[in-house]
Every structure is written in structure tokens, then in C-alpha cells.
Amino acid sequence: MVSVIIPTLNAEATLPRVLAALVPAAVSGLVREVVIVDGGSSDRTFDIAEASGAKFVEAPRGRGPQLAAGANAAKGNWFLFLHADTVLEAGWEEEVEKLFEQIATGRIPTAELAAAFRFRLDDFSRRARFLERVVALRCAVLKLPYGDQGLLISRRLYQRIGGFRPLPLMEDVDLVRRIGRRRLVMMRARAVTSPQRYLEDGFFRRMSRNALCIALYYLRVPPHLISRIYS
């Protein structure tokens, strides 16, 4: 039923854990396939994908184009877009199955919806807990999860709203805004993301840069200009 789509670029350090978290859902039959969309890795990403039995697709570098290519190659009725450094916590598949059950029984009146997971950083520092609270507030007030929270979306809705656009940055925000608040469900299960980029850049610096980029996006600054600032 679900096609998991993972964009990769030299992801050998994190990809095995991401794939391992999908095994229970594959055993239960919830996950039909895993599509790994690679943007030109030079490490062992392909070997890991091949050993796991995942479908391997090559695409132009960039999360937007890679995610779009993955959706085009996927066969499931639902897509789960997942970053290559984001691990879904144990039991996530049970919550998704419950969501599908409520759709099937009519408790949720439409199958044209999407869902995202709660953000968790794989770090024990106070800075990580502060960031998690900031993200939780953003999701509660703005209903605006980012790509590192995973995104589960029905094929029908994905196609209806036009899918991922080939943007150099903000491809996840762009898609979530087109989904709309009323069609987005926030799950209780958590998506645990690697803290590596925050540790390398500095928590405050990265949080400030992310906030600046989202503000510029809402001010309609072109994504290619925002990408220069982000880089």
C-alpha cells in the first residue's frame, strides 16, 4: 500500500538505520516498496540499497527533483517521503495502520489527506530539546512540518496538487502549503533526525538561518536566491 521514497546523496552513514526502521512495516505488508532516489553518490549508498532490496533510481541532484522522480517511479497508493538521515521510531507503522483503518471505516471522511510525524533530534542536549519545542510550536500554530518530519500523502492528493516542484530549496514547505491545514494530520509517532548538521553549523546559527529562509519564502523571495543564503 505504501511506497517509501528516500532521496540520497552519500548517505551510507545513516541509510542503514533508516531502512531498518521500515522492516516491521514491510513484514506486515504496510510498506509495498522502498524507492531510493540518488543524486550522484560516490560512497556505498548503492550497495546498501541493493542489499536491502530497495528500488534504486537516479535523478538530478536536489531533494525536489529527486523526490519527484521517486514519486514517478513508485507504485503504491500512498507515498511516504523520508529523508536519508531520519529514522521513524518503533511503532510508527501501527499508527499509520490505525489511520488507514479510520479512513476505511469512514471515521475520517476522505482519503485525500497527508500526515507528518513529530520532530525529534537524536541528541541529548538542552539545545536539542529547545529546538524540538520550537518545531512543535510551529506545527501547532502554522501546521507547517518540514521534510525531516517525514510526509505521508495519498497518491491521489499528491497528483491533484501537482506533486513536488523542481525547487532548489523549500520544496517541502511548498508542497505542505499546497496540501493545506485541513488535509494535514499530525501523528503522535516521532521522526528522529540526525543532529550532525546542527552540530557542524551550530544550533543557534542553523536555527537562525532556517528562520530567515522561511521568512524570505513567505515574502515571496525566489527560491534560487534563498538557496544562496542557505548555502
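Are F81 and F164 buried or exposed? Both are buried, where buried means under 20% relative accessible area, exposed over 50%, and partly exposed in between (1.4 Å probe, protein chains only).

Before going on, note that this is a predicted model, in which local features need pLDDT of at least 70, side-chain atom pairs count only at pLDDT 80 or more, and totals for chains, interfaces and linings use all residues. Residues are numbered from 1 along each chain as its sequence is written, and side-chain values use heavy atoms, with hydrogens and water left out.

Now let's look at the aromatic rings. Rings of Phe, Tyr and Trp (its six-membered ring) pair if their centres lie within 6.5 Å; planes under 30 degrees apart count as stacked, over 60 as edge-to-face and the rest as tilted. That rule gives 10 aromatic pairs here. Take W78 and F100: this pair is tilted, at 4.7 Å centre to centre with 40 degrees between the planes. W78 sits in strand 4 (residues 78–81) and F100 in helix 5 (residues 92–104), so their pair ties together parts 22 residues apart in sequence. Helices (H or I, at least four residues) and strands (E, at least two) are DSSP runs, numbered from the N terminus. W78 and F100 are both buried.
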